[in-house]
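This report describes the ligand site, the pockets and the cavities of one protein model. The sequence and structure are shown first.

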Amino acid sequence: MPSKCRQCIIKRFNALKTLTNDELEKFSGHKTSLVIKKGENLMTEGNSINGLYCIKDGKGKLTKLNTNGKEQIIKFVKGGDILGHRSILSEELVGLNAIALEDMHVCFIPKGDILDTIKENNNFSLNLMRNISQQLNEANTSISQMAQKPVKDRLAETLIHLDEIFGVDSEGCIDVVLTREEIANTIGTATESAIRLLSNLKKDGVIDLIGKKIKILSKSALKNISEGY
Ligand SMILES: Nc1ncnc2c1ncn2[C@@H]1O[C@@H]2COP(=O)(O)O[C@H]2[C@H]1O
C-alpha cells in the first residue's frame, strides 16, 4: 500500500510542507512511488515531464552534457529535494539530467495537481518561488567561481560543500561515494588533475583518502584554500 503524504516527514524540507490536509490527501491519491537504481536516470535533459519528483531518500547528481558528451555536474541532491518544478513553471523541457548515485526512493506528483495547488495555495507558490530564487543565487555563485577561481580552490570549495550537504559517516568521511571522474566533472577539470590535486591535499594533511571516500582533516585549511590563501 502506497505511503501517505500526510505521514511523510520528508516534506518538511520542501514546499510540500505548506499543503493543507485536503491537498495532501489528493496528492497521496494521485502520486506514484518509484525506486531509481544506482546509475539510472530519473530525469533526462530535453525530455518533457508531467509532474514533480520529491526525493524520499537516496543521493543523486544533476548534470548537463556538453557537445563532446562530457558531463558537467551542476548540483547534488538528496532526500527532501524536489525536481521538475522549473520546467512545470516555465513550460519548458527538462533542463538537466538527474542520475542516482545510489538507490533512490522518489514520489512523482502529477503536473495538474501541482498547477492547481500553485493557483490555490499562496504559501505553496511562495515556497516554490523561494526555492527557485535560492537555486538561481547558487547557480550565479557557481558560475562566477568557475570563471574566477583556480581549480585547486574550486576543489576545496566543493569538498566543503559536499560535507555540508551530505554530512559524515561513522568513520568521519564525507557521506557520499563519488568517482574521481565525478569530482573532476564537478570542478570542471580533467580526472588526472583532480586525482593529483586530491593527493596534494592529502600530502599536506588537509584531507585523507580512504578508498573512494574523502575525510576532511582540517576544515579551516580547506576554507583558506577555497578563498585563495
Ligand atoms: N541550479 C539548478 N538549475 C536548474 N534546475 C535545478 C537547479 N537545482 C535544482 N534544480 C532542479 O532540477 C530540475 C531539472 O529539471 P527541471 O529543469 O524541470 O527542474 C529543475 C529543478 O527542479
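## Basis of the description

Helices (H or I, at least four residues) and strands (E, at least two) are DSSP runs, numbered from the N terminus. The model is predicted: local features need pLDDT of at least 70 and side-chain atom pairs count only at pLDDT 80 or more, whereas totals for chains, interfaces and linings use all residues. Residues are numbered from 1 along each chain as its sequence is written, and side-chain values use heavy atoms, with hydrogens and water left out.

## Ligand site

The shell holds 13 residues, and the nearest are Gly-84, His-85, Arg-86, Ser-87 and Gly-95; a residue counts as near if one of its heavy atoms lies within 4 Å of the molecule. By class, six residues of the shell are nonpolar, five polar and two charged. Here Ala, Val, Leu, Ile, Met, Phe, Trp, Tyr, Cys and Pro count as nonpolar, Asp, Glu, Lys and Arg as charged, and the others, Gly among them, as polar.

Polar contacts are pairs of N or O atoms within 3.5 Å. An N or O atom in the side chain of Ser-87 is 2.4 Å from an oxygen atom of the ligand. For His-85, a polar side-chain atom lies 2.7 Å from a ligand oxygen atom, while Gly-95 places a backbone N or O atom 3.0 Å from an oxygen atom of the ligand. On its own the ligand has 450 Å² of accessible area (Shrake-Rupley method, 1.4 Å probe), of which the protein covers 91%.

## Pockets

Pockets and cavities are found on a 1 Å grid over the protein atoms alone: a cavity is a set of points where a 1.4 Å probe fits but cannot get out, a pocket is an open set with protein on both sides within 12 Å along at least five of seven lines, and lining residues have an atom within 4 Å of a point. Grid points are joined across faces, edges and corners, and a volume is the space filled by probe spheres set on the points. The ligand takes up the space of the largest pocket; a molecule sits in a pocket if more than half of its atoms lie within 2 Å of its grid points. This pocket has a volume of about 1400 Å³. Its lining has 42 residues, with Ile-74, Lys-75, Gln-135, Glu-138 and Ala-139 nearest the centre. Helix 4 (residues 122-148) gives the most to that lining, 10 residues.

The second largest pocket holds about 380 Å³ of space. It is lined by 18 residues, and Phe-13, Gly-80, Asp-81, Asn-131 and Gln-134 are the closest to its centre. Helix 4 provides the largest share of this lining, six residues.

## Cavities

The whole structure has two cavities of 30 Å³ or more. The volume of the largest cavity is about 130 Å³. Among its 15 lining residues, Cys-5, Cys-8, Leu-16, Cys-54 and Cys-107 are closest to the centre. The lining of the largest cavity comprises 10 nonpolar, one polar and four charged residues.

The second largest cavity has a volume of about 60 Å³. Its lining includes Leu-159, Leu-162, Lys-212 and Lys-213. Helix 5 (151-166) and strand 10 (213-216) each give two or more residues to that lining.

Notes: A polar contact is a pair of N or O atoms within 3.5 Å; within protein, one must be able to donate a hydrogen and the other to accept it, and residues adjacent in sequence count only if both atoms are side-chain atoms.
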